[in-house]
Amino acid sequence: MSDSDESILEARAFLRAHLSGTIGFDGEFVPIKVVVAPDGALVAPVMVAMLRTFDNALFMPDEGDDAMHMQVTLEEIQDRGDTAALCDRWRIYHGEPEDVRWARISIDAARFRGRMFDGMALMEPNPLAAVEAKLCREINGSMADLLKSAVAAHAGLEVESPRLVGVDTLGFDVRGRFDVVRLPVDPPIADEQDAIAALEELAGVEDEGEAEHDAAEQD
């Protein structure tokens, strides 16, 4: 993998892990929460004023030097018809919004850790989109304890009833009581079976199995 490819992958992973930030428009700066749509664009409830300006900047998670700074374009979408699922996706992640307008947010360009990126390089479609809902149902149902262990092991958080709300090649999105916890993976997830194996590894299941195997060999 070239340095350029590694930088793009790092930027994508950072964006997936930071769904709360600040949006700037017409000299105003307000908090915003987003989700990543299956096609790689962002979705969020927005103020009317954001839709009326052509100069929107998005900062994830803030305006600091180590953050991701993006120039973005907002396109209004409706909470019905073909785009209703995108709005529902946001609610699943973050709850009920304060704003009633919705926008699909395209990334025009981004600056991250001293590098500039074309927006299309960051808006990568999710190859697991077709099986994402199935994985969430399965893991939230029969593997709830595994998910809880993975959150505790990786994030150091004891979440009473975590809910898996998103899966992509770079990790898992888990909704806790107050916020969404990101569980990144490396190497990337290839398919459904790979997703389960990655979650088990995050939870330490594989390590425990190896430890038991080593102990048995020593005996």
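Both faces of strand 4 are covered, with Leu-42, Ala-44 and Val-46 buried on one side and Val-43 and Pro-45 buried on the other; buried here denotes under 20% relative accessible area, exposed over 50%, and partly exposed in between, with a 1.4 Å probe and protein chains only. The model is predicted, so that local features require pLDDT of at least 70 and side-chain atom pairs count only at pLDDT 80 or more, whereas totals for chains, interfaces and linings use all residues. Residues are numbered from 1 along each chain as its sequence is written, and side-chain values use heavy atoms, with hydrogens and water left out.

Strand 4 spans residues 42–46, and five of its five residues are buried. Helices (H or I, at least four residues) and strands (E, at least two) are DSSP runs numbered from the N terminus. In a regular strand the side chains alternate between the two faces of the sheet. Strand 4 pairs in the antiparallel sense with strand 3 (residues 35–36) over two bridges, where pairing requires that DSSP find at least two bridges between two strands. Within this pair, Val-36 is placed opposite Leu-42. Five residues separate the two strands of the hairpin, and Gly-40 adopts a positive phi near 100 degrees. Strand 4 is also joined to strand 7 by five bridges, again antiparallel, with Val-43 opposite Arg-104.

Strand 7 comprises residues 101–112 and contains Ser-106. Ser-106 counts as buried because its relative accessibility is 19%. The side chain of Ser-106 forms a polar contact of 3.0 Å with that of Arg-104; such a contact is a pair of N or O atoms within 3.5 Å, of which, within protein, one must be able to donate a hydrogen and the other to accept it, and residues adjacent in sequence count only if both atoms are side-chain atoms. Beyond four places in sequence, Ser-106 touches Gln-71, Val-72, Thr-73 and Met-123, contact being defined as heavy atoms within 4.5 Å. With the same exclusion of sequence neighbours within four places, the contacts of Ile-105 include Ile-32, Val-34, Leu-42, Ala-44 and Met-123.

The largest nonpolar core has 42 residues, among which Met-68, Met-70, Ile-105 and Ile-107 touch the most other members. A nonpolar core is a set of buried Ala, Val, Leu, Ile, Met, Phe, Trp, Tyr and Cys residues joined through side-chain atoms within 4.5 Å. Strand 7 supplies the largest share of this core, six residues. Another core, of 24 residues, lies apart from it and includes Leu-146, Leu-147, Ile-189 and Ala-198.

A further set of three strands forms an open, antiparallel sheet in the order 9-10-11. Its edges are strand 9 (163–168) and strand 11 (180–184), each of which pairs on one side only. Strand 10 (residues 171–175) is joined to strand 11 by five bridges, and Val-174 has Val-181 as its bridge partner. Helix 3 (residues 84–94) lies across strands 9, 10 and 11 at about 70 degrees to strand 10; angles run from 0 to 180 degrees between N-to-C directions, and axes are lines fitted to C-alpha atoms, for helices over the stretch in contact. Helix 6 (residues 144–155) also lies across strands 9, 10 and 11, at about 80 degrees to strand 11.

In helix 5 (residues 129–142), the buried residues are Glu-132, Leu-135, Cys-136, Ile-139 and Asn-140. Their cover includes helix 3, helix 6, strand 9 and helix 7 (192–203).
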